[in-house]
Amino acid sequence: QVQLVESGGGLVQPGGSLRLSCAASGIRFSSYDMHWYRQAPGSQRELVAAITSGSQINYADSVKGRFTISRDNAKNTVYLQMNGLKPEDTAVYYCNAAFVLASMREKGVGDYWGQGTQVTVSS
């Protein structure tokens with residue numbers, strides 16, 4: 001059984017901060033690239049940040065300098081520290097785990113999603 005559980009969302013004023021957590025179980029966490037996606041109402045789901053199994057990091061241009069992704073393999077957890085939040089950051093944020101071998105993902109194995117956590121940035 002694979003489970004990804006996000007936490008840490010909530011309501012925050014513009015300029016505020018939140019830290020999202022995603023706790024994974026049922027996978028060998030260190031073998032997975034981890035991602036944070038977000039989806040606002042009426043919008044496509046977009047990739048916000050990624051950290052590979054080797055801890056290589058990429059961010060969407062819209063969050064560079066404000067968000068920080070990190071992982072703790074000992075705790076099977078990936079984090080997203082969000083600073084300087086803007087109203088346009090409002091979305092449901094989803095954690096994704098992708099097995100490092102694309103051939104396995106192509107077989108329908110090794111691509112998992114959390115249930116999402118709501119982040120609302122509003123004054």
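Me: Which residue of strand 11 stands opposite V92?

Reply: Q118 does. Strand 9 and strand 11 run antiparallel, and 3 bridges join them. A strand is a DSSP run of E, at least two residues, numbered from the N terminus. Two strands pair if DSSP finds at least two bridges between them.

Me: How should I treat the model itself?

Reply: It is a predicted model, with residues numbered from 1 along each chain as its sequence is written. Local features need pLDDT of at least 70, side-chain atom pairs count only at pLDDT 80 or more, totals for chains, interfaces and linings use all residues, and side-chain values use heavy atoms, leaving out hydrogens and water.

Me: What else pairs with strand 9?

Reply: Strand 10 (residues 111-113) is antiparallel to strand 9, with 3 bridges. There, A98 has D111 as its bridge partner. Strand 4 also pairs with strand 9 in the antiparallel sense, over 8 bridges. Find H35: its bridge partner in strand 9 is N96.

Me: In what order do the strands of the open sheet lie?

Reply: The order is 1-3-8-7, and the pairing of these 4 strands is antiparallel. The edges are strand 1 (3-7) and strand 7 (67-72), each pairing on one side only. From one strand to the next the twist averages 15 degrees. Such angles run from 0 to 180 degrees between N-to-C directions, along axes fitted to C-alpha atoms. Now look at one edge. Strand 7 is joined to strand 8 (residues 77-82) by 6 antiparallel bridges. R71 stands opposite V78 there.

Me: Where do the side chains of a strand point?

Reply: In a regular strand they alternate between the two faces of the sheet.

Me: How many residues does the largest nonpolar core have?

Reply: It has 28. A nonpolar core is a set of buried Ala, Val, Leu, Ile, Met, Phe, Trp, Tyr and Cys residues joined through side-chain atoms within 4.5 Å. Those with the most contacts inside this core include M34, W36, V78 and Y93. Strands that each supply at least two core residues include strand 3 (18-25), strand 4 (32-39) and strand 9 (91-99).

Me: What does M34 touch?

Reply: Contact means heavy atoms within 4.5 Å. Set aside neighbours within four places in sequence. M34 then touches, among others, F29, I51, I69, V78 and C95.

Me: What about a residue in a loop?

Reply: Take I27, in the loop between strand 3 and strand 4. I27 is buried, at 11% relative accessible area. Beyond four places in sequence, its contacts are V2, Y32, A97 and Y112. Now find D89.

Me: Which residues does D89 form salt bridges with?

Reply: Side chains of opposite charge can pair when their charged atoms come close. The rule here is a side-chain nitrogen of Lys or Arg within 4 Å of a carboxyl oxygen of Asp or Glu. By this rule there are 4 salt bridges. D89 forms one with R38, their closest N and O atoms 2.9 Å apart. D89 sits in the loop between strand 8 and strand 9 and R38 in strand 4, so the pair ties together parts 51 residues apart in sequence. D89 has a relative accessible area of 0%, and R38 has 6%. R66 also forms a salt bridge with D89, at 2.7 Å between the closest N and O atoms. Shared partners join R38, E46, R66 and D89 into one network.

Me: Which salt bridge has an exposed partner?

Reply: D61 with K64 is one, the closest N and O atoms being 3.0 Å apart. D61 is exposed at 66%, while K64 is partly exposed at 49%.

Me: How many disulfides are there?

Reply: A disulfide is a covalent bond between the sulfur atoms of two cysteines. The cut-off is 2.5 Å between those atoms. The count is 1. C22 and C95 form the disulfide, with sulfur atoms 2.1 Å apart. The link is left-handed, at -80 degrees about the S-S bond. C22 lies in strand 3 and C95 in strand 9, 73 residues apart. C22 is buried at 0% relative accessible area, and C95 is buried at 0% too.

Note on methods. Buried means under 20% relative accessible area, exposed over 50%, partly exposed in between (1.4 Å probe, protein chains only).
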